[in-house]
Amino acid sequence: MANDRFLLSRRGLIGGLTSSSALLLTGCGESQPPTYGNLLRMGDNFTYAMQRSLLSPTSLVREYDRSEVTSMPATGTYDPAIASTGAHDPEAGRDYAVLRKGAFADWRLEVTGLVDRPTSFSLADIKRLPRRTQITKHQCEEGWSAIAEWTGVPLHSLLTACGMQPSARYVEFYTYDKNADNIDMIDALHPQTILAYGMNGQDLPIGHGAPLRLRLERQIGYKSLKFLRRIVVSDRFQDLGNISGGWAWYNGI
Ligand SMILES: Nc1nc2c(c(=O)[nH]1)N[C@H]1C(S)=C(S)[C@@H](COP(=O)(O)O)O[C@H]1N2
Ligand SMILES: [Mo]
């Protein structure tokens, strides 16, 4: 009897959870990831649905104390100007070498697409926007993790500065190596999604993505693109290389 009651109440609980998460999902307008229907991307469906139903759109990842900061290796591409590191792009790599030589004084971040004010930001422009510092754990898909302090502009502040339009659904990132990727608006507007120019109290080092990188704290390491060059706000999902390259589009942690 006791067991039955437990089962019943548990069923009730599950029913309740399902309907409230359905409500929440409808509220977000996102019940399936854009990769839905791709058999190879079944994992996206599961983690996306779980995260979107169990976490509020603004639930924060844990932040650490400064005493918990660890060392962090620079991985993947650690210098877009050097052909032997990471996903080298000969043309962009040459551009990067020139910008790096000039201490990024001529570097610009282009923000275009569904914005009222397409803008080309210098690093100084970006540093004048609102700033957030957070100490978070980076988790690489290869198994290692590291804790570091990141300082930068919240992506939502940058998008607001450009007059993001209501039809925006995805934010695309293009870099100085061959990496590009996109995220949905829930991740884009999350309070801990920042474009970081500082790491552990210093300028962001080359190896970690200078002069500006994404910190996408609610997803796995490879989504936090380094060496940002261009941002495009879009209403259309497209595979910018990760999915065709065998990676999950959505990989929440
Ligand atoms: N442009 C670019 N961004 C990138 C990568 C890369 O190779 N190029 N590697 C990704 C991966 S797999 C990880 S784990 C982190 C590594 O960041 P780090 O070099 O600061 O440790 O950056 C991510 N962002
Ligand atoms: Mo990684």
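Are Tyr 48 and Tyr 250 buried or exposed? Both are buried, where buried means under 20% relative accessible area, exposed over 50% and partly exposed in between, with a 1.4 Å probe and protein chains only.

Before the rest, the conventions. This is a predicted model, in which local features need pLDDT of at least 70, side-chain atom pairs count only at pLDDT 80 or more, and totals for chains, interfaces and linings use all residues. Residues are numbered from 1 along each chain as its sequence is written, chains are lettered from A and ligands numbered from 1 in the order in which they are written, and side-chain values use heavy atoms, with hydrogens and water left out.

Now the rings. A pair of aromatic rings is described by the distance of the centres and the angle of the planes. Rings of Phe, Tyr and Trp (its six-membered ring) pair if their centres lie within 6.5 Å; planes under 30 degrees apart count as stacked, over 60 as edge-to-face and the rest as tilted. By this rule the count comes to 10 aromatic pairs. One of them is Tyr 48 with Tyr 250, edge-to-face, at 5.0 Å centre to centre and 85 degrees between the planes. Tyr 48 lies in helix α2 (residues 42-54) and Tyr 250 in the segment after β10 (228-234), so this pair ties together parts that are 202 residues apart in sequence. Helices (H or I, at least four residues) and strands (E, at least two) are DSSP runs, numbered from the N terminus.

Why does the pair of Tyr 222 and Trp 247 count as tilted? The ring centres of Tyr 222 and Trp 247 are 4.7 Å apart and the planes stand at 55 degrees, so the pair is tilted. Tyr 222 is in the loop between β9 (213-215) and β10, and Trp 247 is in the segment after β10, 25 residues apart. Tyr 222 is buried at 15% relative accessible area, whereas Trp 247 is partly exposed at 36%.

One aromatic cluster is formed by Tyr 48, Tyr 170, Phe 237, Trp 249 and Tyr 250.

Next, the sheet. Five strands make an open sheet in the order β2-β1-β10-β5-β6, with mixed pairing; two strands pair if DSSP finds at least two bridges between them. β2 (119-121) and β6 (180-184) are at the edges with a single partner strand each, so one side of each has no neighbour in the sheet. β5 (residues 170-175) and β6 are antiparallel over 5 bridges, and Glu 172 stands opposite Asn 182 in β6.

Which residues does Ile 126 touch? Ile 126 sits in helix α4 (residues 123-128) and is buried, at 0% relative accessibility. Leaving aside neighbours within four places in sequence, Ile 126 is in contact (heavy atoms within 4.5 Å) with Trp 107, Leu 109, Phe 121, Val 153, Leu 158, Tyr 197 and Leu 212. Ile 126 and Leu 212 are 86 residues apart along the chain, with 9.6 Å between their C-alpha atoms.

Last, the backbone. The peptide bond from Ala 210 to Pro 211 is cis, with omega near 0 degrees, and Pro 211 is in the loop between β8 (202-203) and β9. Phe 104 is not a glycine but has a positive phi, near 65 degrees; Phe 104 is buried at 11% relative accessible area. Asn 200, also not a glycine, has a positive phi of about 50 degrees and is partly exposed at 33%.
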